[in-house]
Each structure stands twice: as structure tokens, then as C-alpha cells.
Amino acid sequence: MDFLLDPNVAYLVLLAGILLSLLAIVTPGTGLLELGAFFALALAGYAIYNLNINFWALVVILISVVPFLLAVRTPKREYLLGISLLGLVIGSVFMFAGENGLPAVNLVLALVTSLLMTGFLWIAVRKSVQAAMKPPTHDLEALIGQPGETRTEVRDEGSVQVGGELWSARSEHAIPAGSHVRVVSRDGFVLVVEKEKPQKS
């Protein structure tokens, strides 16, 4: 574990923990990101405990999480994401203190890794928020009332062409293949259809 007492290594581990934690917030439920963030932050915590640190930098990192959460939950608030990333970069660079409170981390290393992390997070978070706010491609409720045509006989099961796509379907009464139908309801991804009544002349 002595290798973690090198400020440059400790900085990279801390940065990895921050990156994985933020990605876990954006894409929750994967498990792998959360696990990776836990181990990285645990190793970073060991380094923080044993090395000289600037406590104000730790506070900056913690505070920077707040605008990040707001940016994820409120679309078109890129300035919040920018504030968060700026705070995280400053806090992580100044976390491990050298002489006179200056960063103990190699500044070239800090510059390159900070630019890579902020660039990646800026793109990843904005794309994730846009994807989350995008309306679903298939609005199944919009299919109700739509006309279609049976491709197979429909009773307990079958298939119909509705809205230019093939759907699983069922009906209360048997409907021959090639019949004109209308969607009356849905059961999950299965459309419930009925045969179109002939128009009165």
C-alpha cells in the first residue's frame, strides 16, 4: 500500500474514484460502477489519511457534488455541470499538499488528467441527460385507435401491422389474416384489436 503514499498515484486514484462515482450517479443500477467507485475511494481515503492534505480542497470536492446532482436532474443547466467539474478539478489537484500548501501533484499530470476527465464527463453527462429526457420512441398509448391489418389469424395470439410496424396481437373473436382491424387497447406489448366494421353506404 506504500505506493498510494505517492501524491501522484493518490491523485490518480482519487480522480478515478470521483469519475466512477459521478458515472454511477448518471447511470445507476449497473453495480460495476458503484463497486469500482467504492474501492477507488477507499484507496484514496487511505492516502488522504496518511498524507498531508488541504482540508479546504476536500470541502470543495464535497460541495461540488451538489451542482452536479442539480445538473443531472435539470436539463439545459450546463453551467451547473461546469461549476461542478471546475470545483472537482480544483479540489482534487490541491487535495494533497506540498510545501506552503501548494499542490504536491505534478502539474503536467494534473493538467492532462483534469482535461481528459472534464471533457469525458461533460460529454457523457450531457448525452445521458438528453437520453433520459427524450420521449420514448414507441408511445404504446398512441397506438390505441390506430387502424391496422392482420398478418396472421388473430385470436389468442397473432400479428398485426400497425403504424408501419409488426406487433403481437390478440382479439376476443377470431380475425382472419388480411383483415382490417383497429387497436382498442393493449396488454403490455400485445395489442388488443377488433375487426373493422364495414362502412355503411
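**View 1. Phe38, an exposed aromatic residue in a predicted model.** Phe38 has a relative accessibility of 56%. That value is over 50%, so Phe38 counts as exposed. The structure holds two aromatic pairs. In one of them, the ring centres of Phe38 and Phe39 lie 5.6 Å apart. Their planes meet at 75°, so this pair is edge-to-face.

**View 2. The tilted pair of Trp56 and Phe94.** Here the rings sit 5.5 Å apart, centre to centre. The angle between their planes is 45°. Trp56 belongs to helix α3, residues 55-73. Phe94 belongs to helix α4, residues 78-95. The two partners are 38 residues apart, and their pair links distant parts of the chain.

**View 3. Accessibility of Trp56 and Phe94.** Trp56 is partly exposed, at 42% relative accessibility. Phe94 is also partly exposed, with a relative accessible area of 28%.

**View 4. The largest nonpolar core.** This core has 33 residues. Tyr11, Leu14, Phe68, Met95 and Phe96 have the most contacts inside it. Helices α1 (7-26), α2 (32-50), α3, α4 and α5 (107-133) each give two or more residues to the core. Helix α1 provides the largest share, with nine residues. In soluble globular proteins, nonpolar side chains tend to be buried together.

How values were computed:
Residues numbered from 1 in each chain as written. Predicted model: local features only at pLDDT ≥ 70, side-chain atom pairs only at ≥ 80, totals over all residues. Heavy atoms only, no water. Phe/Tyr/Trp six-rings, centres within 6.5 Å; stacked < 30°, edge-to-face > 60°. Buried < 20%, exposed > 50% of the residue type's maximum accessible area, 1.4 Å probe, protein only. Helix = DSSP H or I, 4+ residues; strand = E, 2+ residues; numbered from the N terminus. Core = buried A, V, L, I, M, F, W, Y, C linked by side-chain atoms within 4.5 Å.
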